[in-house]
Amino acid sequence: MTTAGVGDETDVQVRQAVQADLLAVLRIERKSFPQPWPFSAFERYLGEPGFLVAVDDARDDESVVGFVVADLVPNHGRPLGHVKDIAVHPDCRGRGLGRTLLARALAVLGEHGAHTVKLEVRESNDVARSLYEEFGFEHLRRLPRYYDDGEDALILVVEVDE
């Protein structure tokens, strides 16, 4: 599955991640988070319909400019969507790529039967929280000391259309 025309960026496509994308995904992860996921974590999600990458064919260097990792977990007979990780390369932020990746992930999760999607976000991550609020995510509860550095996480949820 490919989605053309991310915002006004006609060279950016969103598609399912493949093995060849993982090093670029790992590099973006390391540039984006103080406690990045290891390579093996990304490998584990290959093949999940919600592991998507944004690819910019116009770039001379790596073409992967962002990613989202989302999956489905059992939940009383109906799967629950879970957005586990999302990041955009620092050089490409501010172009709506995170918004596009999140929208596509929510659509994919809905297409695969999720009615509700959850995620965890650092309490201090105002940029991400603002994005999630745009999509209608609401605060469910706080997870004290969720991150290795002791910061709390907020669990946010949203209902999605199938």
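Contact here means heavy atoms within 4.5 Å. This is a predicted model, in which local features need pLDDT of at least 70, side-chain atom pairs count only at pLDDT 80 or more, and totals for chains, interfaces and linings use all residues. Residues are numbered from 1 along each chain as its sequence is written, and side-chain values use heavy atoms, with hydrogens and water left out.

**The whole chain**

Begin with the chain in cartoon view. Its secondary structure comes to 4 helices and 8 strands; helices (H or I, at least four residues) and strands (E, at least two) are DSSP runs, numbered from the N terminus. Along the sequence the pattern is β-β-α-α-β-β-β-α-β-α-β-β.

Zoom out for the dimensions. The C-alpha atoms fill a box of roughly 45 × 35 × 30 Å, taken along the principal axes. A compact globule of 162 residues would have a radius of gyration near 15 Å, and the chain agrees, with 15 Å. That radius is taken over C-alpha atoms, and the globule rule is 2.2 Å times the number of residues to the power 0.38.

Buried residues make up 44% of the 162 residues. Buried means under 20% relative accessible area, exposed over 50%, and partly exposed in between (1.4 Å probe, protein chains only). Among contacts between residues at least 6 apart in sequence, 60% join residues at least 24 apart.

**Asp21 and helix α1**

Select Asp21, in the loop between β2 (12–16) and α1 (22–32). Is Asp21 buried or exposed? Asp21 is buried, because its relative accessible area is 4%. Leaving aside neighbours within four places in sequence, Asp21 is in contact with Arg15, Gln16, Val53 and Val64.

Move on into α1 and select Leu22, Ala24, Val25, Leu26, Ile28 and Glu29, the buried residues of this helix. They pack against α2 (39–45), β3, β4 and β5. An α-helix has 3.6 residues a turn, so residues three or four places apart point the same way.

**The nonpolar cores**

Next, show side chains for the cores. A nonpolar core is a set of buried Ala, Val, Leu, Ile, Met, Phe, Trp, Tyr and Cys residues joined through side-chain atoms within 4.5 Å. The largest one has 30 residues, and those with the most contacts inside it are Val83, Leu101, Leu102, Val117, Tyr132 and Phe137. The elements that give two or more residues to this core are β2, β3 (52–56), β4 (64–73), β5 (80–88), α3 (97–111), β6 (116–122), α4 (126–134) and β8 (153–159). Which element gives the largest share of this core? That is α3, with 7 residues.

Centre the view on Leu102. Not counting residues up to four places away in sequence, Leu102 touches Val83, Ile86, Leu131, Tyr132, Phe135 and Phe137. A second, separate core has 15 residues, including Ala17, Leu22, Ala24 and Ala87.

**Aromatic rings**

Now colour the aromatic residues. The whole structure holds 6 aromatic pairs. Rings of Phe, Tyr and Trp (its six-membered ring) pair if their centres lie within 6.5 Å; planes under 30 degrees apart count as stacked, over 60 as edge-to-face and the rest as tilted.

Select Phe42 and Phe51. Their ring centres are 6.2 Å apart and their planes stand at 35°, so the pair is tilted. Phe42 is buried at a relative accessible area of 0%, and Phe51 is buried at 1%. One aromatic cluster is formed by Trp37, Phe42, Tyr45, Phe51 and Phe67.

Then select Tyr146 and Tyr147. With centres 4.9 Å apart and planes at 85°, this pair is edge-to-face. Tyr146 is partly exposed at 41% relative accessible area, whereas Tyr147 is buried at 18%.

**The end of the tour: Val73 and Arg78**

Select Val73 in strand β4. Val73 is partly exposed, with a relative accessible area of 25%. Not counting residues up to four places away in sequence, Val73 touches Arg78, Pro79 and Leu80. Val73 and Val117 are 44 residues apart in sequence and 9.9 Å apart in space, C-alpha to C-alpha.

Finish on Arg78, in the loop between β4 and β5. Arg78 counts as partly exposed, at 32% relative accessibility. How far apart in space are Arg78 and Ala58? The C-alpha to C-alpha distance is 40 Å, for residues 20 apart in sequence.
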